[in-house]
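Biologist: I'd like to learn how to read ring contacts and pockets in a model. Can you walk me through one?
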Amino acid sequence: MAEIDYPGAPFRAWTGPTQLVWDAKEWSGVGNLGGISAVQESSSPEAPAMTLEISGISSASIALALDETSQRRRATVWLSIFELVGEAWQVVPDPWRLRRGWTDVHKLMISGKTATIQVTVESIFVRLKTARTMRYSDADQQRLFPGDTGFRYANTIGERPIYWGVATPTGAISNAGGNIGSGRVNYAL
């Protein structure tokens, strides 16, 4: 079973022939039209990817896969045992989660009247390779603490002259709040 959390329309599929209800969610049966690449694990600190593939897709699914918000979506793949109860498939309790990660590349292959989408799912450890940059700026401060005005003038500091250890020139703006042009030595930034 595979789930990709696309905004507004999560994609849920399993390799069976019919619809399935599990975890209070409805899963589409893709049968032979779906596939999952080999799941690789290693003891070295790397993040191997896996590929989900589905064939015979509709134009709505193609549009969803080609949308710019399709990358970096949460994806989860489970391994489960199913049993047929009456005419409905049921999940044997406690499926094993094979992989949780983020979608990366969506490849669309069209041949004749059929289309196939391949979605690469990166491990959650791939985020360790991503640089987390933060700046001492008003924008980053507002993202962390909305309404805080502590950095509202941070962008203008580079434009102001700082007189360190010398008298402030006549007519210059004092950094320490002294009288303008008083000849006072300012040591504050």
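Modeller: Start with the rings. This is a predicted model. In it, ring pairs join Trp-14, Phe-82 and Trp-89 into a cluster.

Biologist: How many aromatic pairs does the structure hold?

Modeller: The structure holds six aromatic pairs. One of them is formed by Trp-22 and Trp-78, and it is edge-to-face. Their centres are 5.3 Å apart, with 75° between the planes. Planes over 60 degrees apart count as edge-to-face, so this pair qualifies.

Biologist: Where in the chain do Trp-22 and Trp-78 sit?

Modeller: Trp-22 is in strand E3 (residues 20-22), and Trp-78 is in strand E7 (residues 74-79). They are 56 residues apart, so the pair links distant parts of the chain. Both Trp-22 and Trp-78 are buried.

Biologist: Which aromatic pair is stacked?

Modeller: Tyr-136 and Phe-151 form a stacked pair, 6.0 Å centre to centre and 20° between the planes. Tyr-136 lies in the loop between strand E11 (114-123) and helix H2 (138-144). Phe-151 lies in the segment after H2, 15 residues apart from Tyr-136.

Biologist: Is Tyr-136 buried or exposed?

Modeller: Tyr-136 has a relative accessible area of 74%, so it is exposed. Phe-151, at 25%, is partly exposed.

Biologist: Now pockets. How is empty space found?

Modeller: A probe the size of a water molecule is rolled over the atoms, which shows where empty space is left. Here, the second largest pocket holds about 250 Å³ of space. It has 12 lining residues; the closest to its centre are Glu-41, Leu-98, Arg-99, Ser-123 and Phe-125.

Biologist: What makes up the lining of the second largest pocket?

Modeller: Four nonpolar, three polar and five charged residues. Strand E10 (residues 96-111) gives the largest share of that lining, four residues.

Notes:
Residues are numbered from 1 along each chain as its sequence is written. This is a predicted model: local features need pLDDT of at least 70, side-chain atom pairs count only at pLDDT 80 or more; totals for chains, interfaces and linings use all residues. Side-chain values use heavy atoms; hydrogens and water are left out. On a 1 Å grid over the protein atoms alone, a cavity is a set of points where a 1.4 Å probe fits but cannot get out, and a pocket is an open set with protein on both sides within 12 Å along at least five of seven lines; lining residues have an atom within 4 Å of a point. Grid points are joined across faces, edges and corners, and a volume is the space filled by probe spheres set on the points. Helices (H or I, at least four residues) and strands (E, at least two) are DSSP runs, numbered from the N terminus. Ala, Val, Leu, Ile, Met, Phe, Trp, Tyr, Cys and Pro count as nonpolar, Asp, Glu, Lys and Arg as charged, and the others, Gly among them, as polar. Rings of Phe, Tyr and Trp (its six-membered ring) pair if their centres lie within 6.5 Å; planes under 30 degrees apart count as stacked, over 60 as edge-to-face and the rest as tilted. Buried means under 20% relative accessible area, exposed over 50%, partly exposed in between (1.4 Å probe, protein chains only).
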